[in-house]
Amino acid sequence: MKIGIFGSGNVGGALAESWAKAGHEIYLGLRDVHNFKGKELLSIEGISAHSIQEAAAKAEVLLFATPAQVVVDMIPLLGELKDKVIIDATNAVRFKPEPYPTAYHAFVDLSSAEVVKCFNTTGFENMKDTQYGDMKLDMFMAGESDRAKEVATQLSQDAGFENCYDFGKGDKVELLEKFALSWINLAIFQGLGRGIGFKVLKR
């Protein structure tokens, strides 16, 4: 796939590296292509730096790992998004993309793309390495678009997650963000550390 990644920090960088190694073509969408966090990513085959507009035009799939509150201002810069898939990996923990409760809702309302919430429920360390002993972590998604969910499922597996469980439709997006807060609470506030992750076990 041709994937545009907006937000080249910890989460965006980890997924860019994993997906490039899986054979995808990665376009980093940047405000300044000469000065940005994660410049070392350009040493990986398949990853290149572009303006926000260029990355959006080239990509079939757009992943957002930016602060949630900036997406309302970014959407007009993206150009035509019909037939493209947006993956919202943001969390409106401290600031919301007003007047929307989450970036997912902003993308649905302001763009013509098919949108899914995914890759927001764990730390970037788990995106770099999903393996815990003999098990791999699971990923989770929510949204209205079946096509976007198919893409998210494939990219979850390409990033090393065993399963990508469907949390439900758009009404479950805010629940999925609260699930992310559960990871943050355990890892940071309860002191378990960032080396923890979620796995669904079945009898």
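Reader: Which exposed residues lie on the face of α6 turned away from its buried side?

Author: An α-helix has 3.6 residues a turn, so residues three or four places apart point the same way. On the face of α6 opposite its buried side, the exposed residues are Asp 146 and Glu 150 (exposed: over 50% relative accessible area; buried: under 20%; partly exposed: in between; 1.4 Å probe, protein chains only). This is a predicted model, in which local features need pLDDT of at least 70 and side-chain atom pairs pLDDT 80 or more, while totals for chains, interfaces and linings use all residues. Residues are numbered from 1 along each chain as its sequence is written, and side-chain values use heavy atoms, without hydrogens and water.

Reader: Which residues of α6 are buried?

Author: Ala 148, Lys 149, Val 151, Ala 152, Leu 155 and Ser 156 are buried in α6. Viewed down the axis of α6, these residues fall within an arc of 160 degrees (taken from the directions from the axis to the C-beta atoms), so they line one face of the helix.

Reader: What is found at the ends of α6?

Author: Ser 145 caps the N-terminal end of α6, with a side-chain oxygen 3.4 Å from the backbone nitrogen of Arg 147. After α6 comes Gly 160, whose phi is positive, near 105 degrees.

Reader: Is Thr 122 buried or exposed?

Author: Thr 122 counts as buried because its relative accessibility is 12%. Thr 122 sits in the loop between β6 (114–118) and α5 (124–128). Beyond its neighbours within four places in sequence, Thr 122 is in contact (heavy atoms within 4.5 Å) with Met 127, Met 139, Phe 161, Trp 183 and Ile 196.

Conventions: Helix = DSSP H or I, 4+ residues; strand = E, 2+ residues; numbered from the N terminus. Polar contact = N/O pair within 3.5 Å; in protein donor to acceptor, adjacent residues only side chain to side chain.
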